Amino acid sequence: MLVFAAETSCDETSVCLMKNKNIVDHITFSQEIHKIHGGVVPELASRSHLEKIQEITQKIFKKNKIEPKKIDIFTATCGPGLIGALLVGSTYVKSLALNVKRPFVPMNHLEGHILSTSFNNEVKYPHLVLLLTGGHTQFYLMQNSKEVELLGESVDDAIGEAFDKTAKLLGLGYPGGFEIENRANKGDEKFFSLPKPLINDKNLNFSFSGLKTYINLLIKKSEINDFFINNLCASFQKTISDIIVSKIEAGIKVLNERNINIKALSVVGGVSNNNYIKKNIKILIDRKNIELYYPIKEMMSDNSAMIAWACLKNYNNSKNNIFFKCEPRLRINKNL
Ligand code: ZN
């Protein structure tokens, strides 16, 4: 089966050709235009998607000498995400599918992230999935490969948003994750004691907006120099890491109480790229005797390879739906 997938839910325009379990080709364009604004501007994202998706789609077909009529399934992200951005990608791919009379499968972006580690791992169940992105911070339980249960999520900002907003307050670049990790390497992580909202709560929800407010006030009353920035980045990164590690521990415990013994943990999404957080998750997981999975590098941040894979993995005829309407707040289905 040859799949053509597109992902345009936020500020990455991405197309992928996947044949069975092989990525034939994968092109992702990260929109630079948002850098000057310190965050994604939805209208600019839609315009940029419209321009880029045509260009990279033609490029991927030409480069691989594949014609659209050779594609078995067309798929695109239809939510959650920015509505204008979703409409550009999905409408474009729907028109390609209609033109060559092939099925169109609407894909959930979250499903793409959640299933991304099954591309490069033999996943063991029960399986805990921690999704850490610019738009979502969520815990999912998968008792088997088809059932997904949301255990907890951020009640306000997403974790990636906390990185971006902190970087913006400090005058660092966008996206914030890379810059903060860089600066944190030069700072003292114990210099500032920052709040850890909900860390001791028994539920598996997260909260990051209080941390952002605290940092904002701290910046306003401090002298901003490299010493301050490096120490704040290090302390911020440690705080985020402590929250994540303690919530993973709480997740394992809560499930234990339900007689569910987790065999594996997947950490997915762009923030899973942070080496400091990775190192601390590994220390915890090594003590717990469970397997730890990460996606391959090109499936970490937003990308169409994970959309192609999620489409292929659970494909059946009932998934075809050219009339599916994009939904900016699309939730994950209990049954995949
Ligand atoms: Zn994402």
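## Close-up views of a predicted model

**View 1. Two lysines over aromatic rings.** The charged end of Lys 278 lies over the ring of Tyr 294, at 5.1 Å from the ring centre. Lys 52 is placed likewise, with its charged end over the ring of Phe 29 and 4.4 Å from the centre of that ring. A charge sits over a ring here if NZ of Lys or CZ of Arg is within 6 Å of the ring centre and within 35 degrees of the ring normal. The model is predicted, with pLDDT of at least 70 needed for local features and 80 or more for side-chain atom pairs, while totals for chains, interfaces and linings use all residues. Residues are numbered from 1 along each chain as its sequence is written, and side-chain values use heavy atoms, with hydrogens and water left out.

View 2. Three residues supply the protein donors of the zinc ion: His 109 through NE2, His 113 through NE2 and Asp 302 through OD, at 2.1 to 2.2 Å. Donors are N, O and S atoms within 2.8 Å of the metal (3.2 Å for Na, K and Ca); water is not among the atoms, so sites may look incomplete. Along the sequence the donor residues follow the spacing H-x3-H-x188-D. His 109 and Asp 302 link distant parts of the chain, 193 residues apart: His 109 belongs to helix H3 (residues 109–115), and Asp 302 to the loop between strand S10 (291–293) and helix H9 (305–313). Helices (H or I, at least four residues) and strands (E, at least two) are DSSP runs, numbered from the N terminus. His 109 is buried at a relative accessible area of 5%, and Asp 302 is buried at 16%. Buried means under 20% relative accessible area, exposed over 50%, and partly exposed in between, using a 1.4 Å probe and protein chains only.

View 3. The structure holds nine aromatic pairs. One of them, Phe 119 with Trp 309, is edge-to-face, with 5.3 Å from centre to centre and 80 degrees between the planes. This pair links distant parts of the chain, 190 residues apart, since Phe 119 is in the loop between H3 and strand S6 (127–132) and Trp 309 is in helix H9. Both Phe 119 and Trp 309 are buried. Phe 206 and Phe 208 form a stacked pair, at 6.1 Å centre to centre and 20 degrees between the planes. Phe 206 is buried at 1% relative accessibility, and Phe 208 is buried at 0%. Phe 191, Phe 192, Phe 227 and Phe 228 form one aromatic cluster. Rings of Phe, Tyr and Trp (its six-membered ring) pair if their centres lie within 6.5 Å; planes under 30 degrees apart count as stacked, over 60 as edge-to-face and the rest as tilted.

**View 4. An open sheet of five strands.** The strands run in the order S8-S7-S6-S9-S10, and their pairing is mixed. S8 (149–153) and S10 stand at the edges with a single partner strand each, so one side of each has no neighbour in the sheet. From one strand to the next the twist averages 20 degrees; axes are lines fitted to C-alpha atoms, for helices over the stretch in contact, and angles run from 0 to 180 degrees between N-to-C directions. Strand S7 (residues 137–142) pairs with S8 in the antiparallel sense over four bridges. Two strands pair if DSSP finds at least two bridges between them. Gln 138 stands opposite Glu 153 in S8.

**View 5. Cysteines without a disulfide.** There are zero disulfides in the structure, a disulfide being a pair of cysteine sulfur atoms within 2.5 Å. The sulfur of Cys 10 has its closest cysteine sulfur in Cys 326, 14 Å away, which is too far for a bond. Cys 10 is partly exposed at 23% relative accessibility, whereas Cys 233 is buried at 0%.

View 6. Most residues other than glycine have a negative phi, and most peptide bonds are trans. The bond joining Tyr 125 and Pro 126 is cis, with omega about 0 degrees, and Pro 126 lies in the loop between H3 and S6. Another cis bond runs from Tyr 174 to Pro 175, with omega near -5 degrees; Pro 175 is in the loop between helix H4 (159–169) and helix H5 (176–184). Asn 20, not a glycine, has a positive phi of about 50 degrees. Asn 20 is in the loop between strand S2 (12–19) and strand S3 (22–30) and is partly exposed at 46% relative accessible area. Asn 289 has a positive phi of about 60 degrees and is exposed at 71%.
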